[in-house]
Amino acid sequence: MSTAALSELEPLAPPETHAPEIAIEEVSRDMSRAIERAEVAAWRDLYEAAPADFAARQGLSIASDGDLVWTTCTTIPFIHFNCVKNIGVDGPATEDQLDVLLAHYRNAGIRRPWFYTSPHTEPSRLRCWLEARGLQHQGGWERIYRNATPLPAEPLFPGDPLIPVDDPVVEEVTPRTASEWASFIDAKYRLPTSPWLTALVGRKGWHHYMLKRGGAVAAVRSLFIGPDGAAWSGIDAPVPGIMAPSFDLDAMLGERLVRDGIAAGAKLFVADIEAPLPDRDGPAYRNYDRLGFKLAYLRNHYAYLPAYSS
């Protein structure tokens, strides 16, 4: 037997693992509900802000049954616009409830509705019900959160002192710059949502930020602070790790959001890492750890594959 053949029989070395670059905290079911409710509150308010003519033109709506909330958009196949936000979060889901939701999307002509699950979703067999109906696991996002502990006074992500002219500048969006901000988002996502986005500028609870470099918009991110002090961070572009290779600009925006959010009375911050890594290492985890966030859990996403969407 050759040496090469003998080597093939040797056990493979286990893959190298790395310590996570973010603090991980096992949260209670109540905390997971608070985390999910922060996002649901933001989307409820976001849909309430949609201009009536825009909503009618795009077939845009949000509906609820008790605490359960789901979104619909007949013209834009975007995950956020056609998803059940919180099934099994505030109470156990049922198979009848799931079937009614699937029938709603089917009747609306939505081929790929999305459902979210987490370790705290009830019942735990919900994912089995989804798979039994043809939906499949389509990745997920890391749920991260922090309290209102203040950040250090000195900047966590300072600009490059060797290139001061090109230093990124973060500014809050105003009615005067709303169109510039909205157009940047629509261009990045190839969406027609500018009329909807501009309606959010100046709206109570919303804070929108642009990071400019050399006078041009390079990145954006928003924060919604609900009446209970729970703050959700989103409407970000470009998404680092997916739409852009660099995580630095988003980190600078995140720092501004946290500082301003604390000053505005936010008590809980909720965000996502949309490009999760198995070992939970890399710049996204590292940056959010510096901002005081902890990782709560991976929120899994389920949808039909395109081949089975009918």
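This is a predicted model: local features need pLDDT of at least 70, side-chain atom pairs count only at pLDDT 80 or more; totals for chains, interfaces and linings use all residues.
Is Arg33 buried or exposed? Arg33 is buried, at 19% relative accessibility, where buried means under 20% relative accessible area, exposed over 50% and partly exposed in between (1.4 Å probe, protein chains only). Residues are numbered from 1 along each chain as its sequence is written, and side-chain values use heavy atoms, with hydrogens and water left out.

1. Let us stay with Arg33 for a moment. Its side chain meets that of Glu122 in a salt bridge (3.2 Å, N to O); the term stands for a side-chain nitrogen of Lys or Arg within 4 Å of a carboxyl oxygen of Asp or Glu. Because Arg33 lies in helix α2 and Glu122 in the loop between β4 (114-117) and α5 (126-132), the pair ties together parts that are 89 residues apart in sequence. Helices (H or I, at least four residues) and strands (E, at least two) are DSSP runs, numbered from the N terminus. The structure holds 23 salt bridges.

2. Now for the overall layout. The protein chain is divided into domain 1 (29-142) and domain 2 (146-297), with bounds from an automatic or database domain assignment. Their centres, taken over C-alpha atoms, are 24 Å apart. Each side gives 28 residues to the contact, which means heavy atoms within 4.5 Å.

3. The interface deserves a look of its own. About 2,500 Å² is buried between domain 1 and domain 2, 72% of it on carbon and sulfur atoms; buried area is the accessible area (1.4 Å probe) that two parts lose on being put together, summed over both. Leu46, Trp141 and Glu142 supply 31% of what domain 1 buries against domain 2, more than any other three residues.

4. Between the two domains there are also 3 salt bridges. Helix α2 (29-48), α3 (52-58) and β5 (136-146) are the elements that give two or more residues to the side of domain 1 that touches domain 2. The largest share of that side, 13 residues, comes from α2.

5. Arg203 forms a salt bridge with Asp45, the closest N and O atoms being 2.7 Å apart. Arg203 sits in the loop between α7 (194-198) and β7 (206-213) and Asp45 in helix α2, so the pair ties together parts 158 residues apart in sequence. Arg203 also forms a salt bridge with Glu48, at 3.8 Å between the closest N and O atoms. Arg203 is partly exposed, with a relative accessible area of 26%, whereas Asp45 counts as buried at 15%.

6. Another charged pair is Arg143 and Asp272, whose side chains meet in a salt bridge (2.8 Å, N to O). Arg143 is in strand β5 and Asp272 in strand β10 (residues 268-273), 129 residues apart. Both count as buried: Arg143 at 0% relative accessibility and Asp272 at 9%. Salt bridges that share partners join Glu36, Glu39, Arg143, Asp272 and Arg299 into one network.

7. Finally, the β1–β2 hairpin. Strand β1 (residues 60-65) runs antiparallel to β2, joined by 6 bridges; two strands pair if DSSP finds at least two bridges between them. The hairpin has 2 residues between its strands, and Gly66 in the turn has a positive phi of about 65 degrees. Because 6 of the 6 residues of β2 (residues 68-73) are buried, this strand is largely enclosed by the rest of the structure.
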